[in-house]
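User: I would like to learn how to read strands, sheets and helix packing in a structure. Please give the general idea in each case and then apply it here.

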Amino acid sequence: MSTTAKQSTASTTREILIRRFKALLPAEQVLSSAEDLHPYECDGLSAYRKLPLAVVLPDTIEQVQKIVELCAELDVPVVARGAGTGLSGGALPHDQGVLLSLARFNRILQVDPQQRVARVQPGVRNLAISEAAAPFGLYYAPDPSSQIACSIGGNVAENAGGVHCLKYGLTVHNIQQLKVVTIDGELLTIGGSGLDAAGYDLLALMTGSEGMLGVIVEVTVKLLPKPERAQVILAAFDDVVNAGQAVGNIISAGIIPAGLEMMDKLAIQAAEDFVHAGYPVGAAAILLCELDGTNEEVSAHVYQVREILNQSGATEVRTADSEAERMNFWKGRKAAFPAVGRISPDYYCMDGTIPRKHLPEVLRKMADMSKEYDLPVANVFHAGDGNLHPLILYDANKPGELERTEEFGGKILELCVEVGGTITGEHGVGMEKINQMCVQFDALELTQFHAIKNALDPKGLLNPGKAVPTLHRCAEFGAMHVHHGELPFPELDRF
Amino acid sequence: MADISEQLQQQVRSAVDSRRPLSIHARKTKSFYGHPVEGTPLDVSGHNGILHYEPTELVITARAGTPLPVIEQTLAEEGQMLAFEPPHFGEAATLGGTIACNLSGPRRAYAGAARDFVLGCKLINGQGEILQFGGEVMKNVAGYDVSRLMAGALGTLGVLLEVSLKVLPRAESEQTVVLETSDAEAIERMNGWARKPLPITATCYDGASLYVRLAGTQSTIRAARKVIGGEEMPPTRTWWNKLKEQQHAFFSSSKPLWRLSLASNTPPIKLDGKWLYEWGGAQRWLVSEEPAERIRRAVEKVDGHATLYRGAGNIEVFHPLPEAMMKVQRNLKQAFDPERIFNPGRMYKQI
Ligand SMILES: Cc1cc2nc3c(=O)[nH]c(=O)nc-3n(C[C@H](O)[C@H](O)[C@H](O)COP(=O)(O)OP(=O)(O)OC[C@H]3O[C@@H](n4cnc5c(N)ncnc54)[C@H](O)[C@@H]3O)c2cc1C
């Protein structure tokens, strides 16, 4: 088809779509002018931008069902969007598709303190759930750093983690039931009111599926009692290797901290300059170790952890004595991303996970690459569970720097896979890491993923082009990365 | 220690070629669970051995045929455990069978189920391909979560070859206390405690007594006992072990044994039979000759599901699914096992 012919079909589809959407939804819930579409052109990964044909903002499940049915009828892609804080381009619009925003699904339907669950609409902000549960002494455990903004639907779609997931698990461990609209417009209830459900574990399959298998329209989360006490210890090290070793030593001692975070020199410096948390500037690394539980348990563990940190070569160990001091210790860590944002025009946040024992090696190789690419890296690290967030500092206005950054980032992810880890711990694959999926999985495994997708979305209309690369794409990407003259996918021609 | 994956793969391939179903098994300790399968036996018990165990990484990877006691012993030597406290139902129990059935013991309500600890797996799919998903790290969102999907699929989606699990440290000490209560009060108490930060790791109500297991540092347990009250019970490990292995007197009946899974705070359900509650009230065992439909209707009313755990006759073992849900399950089966080679009918007739 010629470009003009293609354009004109697109514009007719667009006109039909908009007309039919307006029959389904009040006019203000259908956006189609360029001006109205702009706010939706990207998610938290702003290097990728696209305008959709239209944005729809339904506020009832029936509307979602009808929208999806219509898109299925017209073969139009549907991209669900929560708060748009995703960091992998998962909610990036499709230029021939519809962006389905769940922003209006923002009601907490029920907080049941007896059953310790909250039933909420998908657009509810993560933190709002804990706020609603607080009067009952309960909270929702997964706490991504974006929790004031990100939506619970987006959390489910990404299987979001947080600072406390070493002890309390990820989203998948803290949800009980989902209501999902399938591409047929069918409403499925997945999970149940008990701790398990009959049949295959679709709750696990849906969690982390990045909007590729269905649209989540309701989430029931588990609530936990607030721990009696939480205390945080800050330890400084003059060598990152010692800090890494200390993490292993704490865990070997049979202690599972509520949070165990590491920051390197550049991250410490940036955070300190920004929020003045009193961090030991000049240290090669700091560890923040939060212990929570009963009063007695915390007392015992604080004592033990301090001993371990000292024996692991910490140059300084401080315990927050008051809630204010605890918040202060955390302030620097929580502000680490924006802090890095202040010292560099742009930064690119990576999200690999590695077996912790490989930390020294990975940090060393990353430092080498940083020199090679001439781009500084600040490291913020969910040390307890091996989830690295290297922040590559760059300037998008300098020609070629974004491309160099992306290549460097890709290399970091490949390094994570090489040491037995993964390309994404919590931010998802989205658009961003689609090429690295070809490094982590072989053609057979990717084919199995496509078969799963096909089982739920045979026409491939839900968030197409994300999360799982086509074999063709891998072949192209592979061709750029010929190692020892060998293609990573020699078996490809079989497909 | 043996790797027989190639042999297993060959067997699967010839089953695919001849379209003859396979009945996957290891040491058959869980063959009572689900419907009987007609098919050529595929024995995975020879595929065994621990592959990696890193206590400081909190991860163990073993082949599916590895005996559960071997895994638990290895972990215990490092002061660690499988936190979902899986029932064995026989000395010979294997890792693969445990994960395929997603069986969890008394700690389930307080620590998570088998599926919650699954980090990765290697499997043979219904085309005889060996695939690997997830990994040995705690956080991993690359690709769909196939590993957890395998937990509880009863082998109908693939032959598990290897499983990686998150493990946890054992608590410093444990203590069990017993209180005498009515059933309604037991439910209320268990749910009341669950709203407080208490170090409870198991609960059980047997119709007369409410058993509560506490774990942590000694001082933590002492403090919790003040809140919970009750009498201390001496030899706790064996008691909870008997319960999870269904050697408790409650399970000795020859009548059908039902497992009801529902909201923990559901008031006692009026169905004739003997009851035993676990998991803070979220798992309720019922020994009863009530008709299956009556039990299922009662549990549906409270949004739960019922499994005929042990019992014979022409009764669906697992709770029937709504048609739209069954369709998705069938499509998933098709995605993994298009020729329906693996354990057909073990879970549902349609898959
Ligand atoms: C400063 C900052 C800090 C962050 N820290 C963390 C962190 O600590 N841990 C962490 O895990 N993440 C973190 N993130 C990433 C991000 O916040 C999470 O991925 C979050 O879960 C995304 O939620 P959202 O509502 O913004 O989703 P969106 O960005 O809108 O969408 C994310 C994906 O989910 C899909 N989706 C959204 N809603 C639905 C739905 N209802 N049904 C189906 N699919 C849907 C979208 O299609 C897309 O693929 C951070 C982001 C920022 C900007």
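Analyst: We begin with the terms for a hairpin. Helices (H or I, at least four residues) and strands (E, at least two) are DSSP runs counted from the N terminus, and two strands pair if DSSP finds at least two bridges between them. The model is predicted, so local features require pLDDT of at least 70 and side-chain atom pairs pLDDT 80 or more, whereas totals for chains, interfaces and linings use all residues. Residues are numbered from 1 along each chain as written, chains are lettered from A and ligands numbered from 1 in the order written, and side-chain values use heavy atoms, without hydrogens or water.

User: Which residue takes a positive phi in the hairpin of strand 3 and strand 4 of chain B?

Analyst: B:Leu58 does, with phi near 60°, and four residues lie between the two strands. Strand 3 (residues 50-54) and strand 4 (residues 59-63) of chain B run antiparallel and are joined by four bridges. In strand 4 of chain B, B:Ile60 is the residue opposite B:Tyr53.

User: What is the order of strands in the open sheet of five strands in chain B?

Analyst: Strands of a sheet pair through backbone hydrogen bonds, either parallel or antiparallel. Here the order is 3-4-8-6-7, with antiparallel pairing. Strand 3 and strand 7 (130-134) of chain B form the edges, each pairing on one side only. With direction ignored, neighbouring strands of this sheet are turned by 10° against each other on average. Within the sheet, strand 4 of chain B is joined to strand 8 (residues 159-166) of chain B by five bridges in the antiparallel sense. B:Val59 has B:Lys166 of strand 8 of chain B opposite.

User: Which helix lies across strand 3 and strand 4 of chain B?

Analyst: Helix 2 (residues 68-77) of chain B does, running at about 25° to strand 3 of chain B. Such angles, from 0 to 180 degrees, are taken between N-to-C directions of lines fitted to C-alpha atoms, for helices over the stretch in contact.

User: How does the record annotate this part of chain B?

Analyst: The UniProt annotation "domain: FAD-binding PCMH-type" (unreviewed entry) covers residues 1-170 of chain B. UniProt positions follow the numbering used here, feature names are shortened, and annotations may be inferred rather than shown by experiment. That span of chain B is 26% helix and 25% strand, with its end C-alpha atoms 26 Å apart. For chain A, UniProt places a feature of this name, also from an unreviewed entry, at residues 48-226. Residues 48-226 of chain A are 21% helix and 25% strand, and their end C-alpha atoms lie 39 Å apart.

User: What is the order of the open sheet of eight strands?

Analyst: In chain B the order is 13-10-12-11-15-16-14-17, with antiparallel pairing. Its edges are strand 13 (231-233) and strand 17 (305-310) of chain B, each pairing on one side only. From one strand to the next the twist averages 25°. Two bridges link strand 11 (residues 200-205) and strand 15 (residues 274-278) of chain B in the antiparallel sense. B:Tyr205 stands opposite B:Tyr277 of strand 15 of chain B. Helix 7 (residues 183-194) of chain B packs on this sheet, where contact means heavy atoms within 4.5 Å. The strands touched by helix 7 of chain B include strand 10 (173-180) and strand 12 (209-216), and its direction makes about 15° with that of strand 12 of chain B.

User: At what angle do helix 16 of chain A and helix 11 of chain B cross?

Analyst: Two packed helices are described by the angle between their axes and the distance between the axes. The axes of helix 16 (residues 443-456) of chain A and helix 11 (residues 323-336) of chain B cross at roughly 155° and come within 8 Å. The pair is therefore roughly antiparallel; angles under 35 degrees count as roughly parallel, over 145 as roughly antiparallel, 65 to 115 as roughly perpendicular and the rest as oblique. The contact includes A:Ile452 and A:Leu456 in helix 16 of chain A, and B:Leu332 and B:Phe336 in helix 11 of chain B. By class, the contact of helix 16 of chain A with helix 11 of chain B has eight nonpolar, two polar and no charged residues. Here Ala, Val, Leu, Ile, Met, Phe, Trp, Tyr, Cys and Pro count as nonpolar, Asp, Glu, Lys and Arg as charged, and the others, Gly among them, as polar.

User: Which case is roughly perpendicular?

Analyst: Helix 9 and helix 12 of chain A are roughly perpendicular to each other. The axes of helix 9 (residues 265-275) and helix 12 (residues 336-343) of chain A come within 8 Å and cross at roughly 90°. Among the residues that meet are A:Leu266 and A:Phe274 of helix 9 of chain A, and A:Val340 and A:Ile343 of helix 12 of chain A. The contact of helix 9 with helix 12 of chain A has eight nonpolar, no polar and two charged residues.
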